[in-house]
Amino acid sequence: ILTFLFQYTDNLYRAVQQLVQVYPELGKAPLYIAGESYAGRYVPALATKILEENHQDKHPINLQGLIMGNPVTDRLSIVDLTQVFYNWGLVDEQGAAADRSLQEEYQHAINKGNNVLAHDLREKLYDKLQDIAYQNQLYNVLHDAKGLTDFSEWVTRPDIAEAIHVGGIAFTFSNQTVHTKLLPDFLSPVTPKIDVLLENYKVLIYCGQLDLTAPCVPSAAARRRDWRWSGRDAFLNGPRVPWWFNGTVAGYVKSGGNFTEIQVNGAGHLVPLDKPTQAKQIVHNFISGQVFSTPPDYRLLDPNPKYQDYTDLHTSEVLSNASEVKNGLIVSVVLNVLLLVGIVVGGIMTMRWKRGHDYYNLPLSDNISDDHILTFA
């Protein structure tokens with residue numbers, strides 16, 4: 001696993017070195033590493049490599065920050081894929097029940113660290129969820145198709161190929177060979193790298209609200225829970241505010257401790273494709289250090305609740321609910337035991353009464369024949 005991770009990280013690093021050699025004027029220019037989706041794995045890996053090499057290199061690379069869109073980081077941050085579909089109303093309780101065994105197998109494979117099996121089960125789980133929901137793609141919950149035809153046509157134009165210096169290399173949006181090669185990296189942890197990087201660089205993560213494959217809410221919850229760096233409290237306790245852009249709420253921004261997190265409304269997995277103008281503004285503001293505008297009449301909560309206050313309240317509610325369930329269960333058990341005891345005691349008393357009154361089941365005396373008359377010696 002680590003061998004291949006180091007291999008593609010080293011290749012990316014050498015590509016950056018070659019870029020600076022070809023364009024020496026960029027040697028001291030501020031560098032921002034950006035990418036989408038799987039970039040949540042290779043962007044931190046490349047940044048970590050640059051950080052390590054800069055301590056030894058006489059000509060360090062001037063890395064200033066990281067930008068990741070709907071990044072896939074640690075797989076444990078998005079395990080319950082069925083819940084994502086359920087929250088969007090794409091499946092109900094029956095649909096969720098139909099996927100339960102696959103969901104549990106996927107969780108088990110992740111816990112065991114089985115890269116290939118976890119990947120295969122994830123694909124099967126998504127396939128089944130999509131079949132149940134008749135959802136054709138995972139990039140945007142509101143779209144029937146990925147809508148990447150225009151991009152593919154644009155990037156393969158001769159003038160664009162010349163501008164990005166790719167020569168005659170053929171372009172494929174989904175390269176199965178690369179996909180297969182990356183399988184051993186499926187479960188490799190990313191969080192430890194990001195914790196270190198946040199101490200040295202500023203980091204931006206933007207997320208399209210309508211994404212099913214790297215959904216915003218569980219991803220953000222995992223970051224708040226798992227990431228540990230010196231600026232964590234500053235980020236967690238900072239306000240999350242609406243971003244006002246072109247006269248409307250374009251999303252929500254939370255920033256602090258070298259980390260900025262943005263949810264982009266109306267976009268899916270590929271924010272620059274769904275909301276290109278907003279994506280450009282996000283990158284511009286982040287690099288230039290400009291503040292994201294809020295609605296003219298927007299007012300912050302005063303006082304702004306602390307993150308710990310929310311988690312304590314949430315924990316209290318969970319414990320309270322659990323206590324209520326437990327108390328209800330105890331009462332139910334006690335009542336059922338009392339009912340059972342009552343039935344048993346009632347049965348015993350009835351049998352005793354019947355034994356003391358033999359005529360209990362006999363017909364009335366007016367209808368008793370001689371054959372039914374009991375005689376005693």
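At 32% relative accessibility, E123 counts as partly exposed. The side chain of E123 meets that of R122 in a salt bridge, 3.6 Å from N to O, and R122 is buried, with a relative accessible area of 11%. The model is predicted. It holds nine salt bridges and five cavities of 30 Å³ or more, and its largest pocket has a volume of about 2,200 Å³.

**Largest pocket**

- The lining of the largest pocket consists of 40 residues.
- Nearest the centre of this pocket lie E36, S37, Y38, Y42 and F173.
- Sorted by class, the pocket lining has 22 nonpolar, 12 polar and six charged residues.
- Four helices each supply at least two lining residues: α1 (2-22), α6 (115-133), α9 (176-182) and α13.
- Of the contributors, α6 gives the most, with six residues.
- S37, one of the residues nearest the pocket centre, is placed in the loop between β1 (31-36) and α2.

**Cavities**

- The largest cavity has a volume of about 80 Å³.
- Its lining is made up of V72, T73, D74, R75, S77, I78, L81, Y106, R122, Y126 and T213.
- By class, five of these lining residues are nonpolar, three are polar and three are charged.
- Rolling a probe the size of a water molecule over the atoms shows where empty space is left.

**Salt bridges**

- E53 and K49 are joined through their side chains in a salt bridge of 3.2 Å, N to O.
- Both residues belong to helix α2 (residues 39-54), and because they are four residues apart there, about one helical turn separates them.
- E53 counts as partly exposed, at 22% relative accessibility.
- K49 counts as buried, at 19% relative accessibility; the cut-off for buried is under 20% relative accessible area.
- The E53 and K49 pair is part of a network of salt bridges that also links D10 and R14.
- R225 and D226 form another salt bridge between their side chains, at 2.9 Å from N to O.
- R225 is partly exposed, with a relative accessible area of 43%.
- D226 is also partly exposed, at 34% relative accessibility.

**Nonpolar surface patch**

- A nonpolar patch on the surface is formed by F151, W154, F171, F173 and L273.
- Together these residues have about 450 Å² of accessible area.
- F173 belongs to this patch and is also among the residues nearest the centre of the largest pocket.
- L273 sits in helix α13 (residues 271-274), one of the helices that supply at least two residues of the pocket lining.
- L273 is partly exposed, with a relative accessible area of 35%; patches are made of residues with over 30% relative accessible area and no salt bridge, so L273 passes the area cut-off.

**Backbone: positive phi**

- Most residues other than glycine have a negative phi.
- S37 is not a glycine, yet its phi is positive, at about 60 degrees.
- N70 is a second residue other than glycine with a positive value, its phi being near 40 degrees.
- The place of N70 is the loop between β2 (63-69) and α3 (81-87).
- N70 is buried, with a relative accessible area of 0%.

- P184 and N115 are 69 residues apart along the chain, and 5.8 Å separates their C-alpha atoms.
- P184 lies in the loop between α9 and α10 (191-197).
- At 31% relative accessibility, P184 counts as partly exposed.

Definitions and conventions:
Residues numbered from 1 in each chain as written. Predicted model: local features only at pLDDT ≥ 70, side-chain atom pairs only at ≥ 80, totals over all residues. Heavy atoms only, no water. 1 Å grid on protein atoms, 1.4 Å probe; cavity = no way out; pocket = protein on both sides within 12 Å on 5 of 7 lines; lining within 4 Å. Points joined across faces, edges and corners; volume = space filled by probe spheres on them. Nonpolar A, V, L, I, M, F, W, Y, C, P; charged D, E, K, R; others polar. Patch = residues over 30% accessible without salt bridge, like charges linked within 9 Å, V, L, I, M, F, W, Y side chains within 5 Å. Areas by Shrake-Rupley, 256 points an atom, 1.4 Å probe, with all protein chains shown as cover. Salt bridge = Lys/Arg side-chain N within 4 Å of Asp/Glu carboxyl O. Buried < 20%, exposed > 50% of the residue type's maximum accessible area, 1.4 Å probe, protein only.
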